[in-house]
Amino acid sequence: MANWWLALIIMVVLNGILVWTLFVEGESTSRRAKKWFFIIVNAIGLILSVSQFFWMEF
């Protein structure tokens with residue numbers, strides 16, 4: 001069960017950083033750049049979340 005909480009925390013933290021960067025700073029970035037930044041951050045988060053399952057099993 002701890003693996004699921006750690007995976008959830010990783011995704012929430014990365015998406016929190018993403019939201020802070022994109023919306024709070026208010027820089028005028030294009031919609032396409034925001035979309036790709038969102039996809040890349042979530043892909044990194046997914047890879048980290050899945051990989052921690054393997055690391056914690058051993």
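I9 is found in helix α1, where a helix is a DSSP run of H or I covering at least four residues, a strand is a run of E covering at least two, and both are numbered from the N terminus. With a relative accessible area of 47%, I9 comes out as partly exposed, the label for anything between buried (under 20%) and exposed (over 50%), using a 1.4 Å probe and protein chains only. This is a predicted model, so to speak of local features takes a pLDDT of at least 70 and side-chain atom pairs count only at pLDDT 80 or more, while totals for chains, interfaces and linings use all residues. Residues are numbered from 1 along each chain as its sequence is written, and side-chain values use heavy atoms, with hydrogens and water left out.

Setting aside neighbours within four places in sequence, L18 is in contact (heavy atoms within 4.5 Å) with F37, F38, V41 and N42. Between L18 and V41, 23 residues apart along the chain, the C-alpha atoms are separated by 7.2 Å.

N42 belongs to helix α2, residues 31-57, and counts as buried because its relative accessibility is 17%. Again leaving out residues up to four places away, N42 touches M11, N15 and L18. The N42 side chain also reaches the backbone oxygen of F38 at 3.0 Å.

M11, in helix α1 (residues 2-24), is partly exposed at 21%. Beyond four places in sequence, M11 touches N42, G45, L46 and S49. M11 and S49 are 38 residues apart in sequence, yet their C-alpha atoms are 7.4 Å apart in space.

Zooming out, the protein chain has two helices and zero strands. Of its 58 residues, 19% are buried. Among contacts with a separation of 6 or more, 75% link residues 24 or more positions apart.

Key
Polar contact = N/O pair within 3.5 Å; in protein donor to acceptor, adjacent residues only side chain to side chain.
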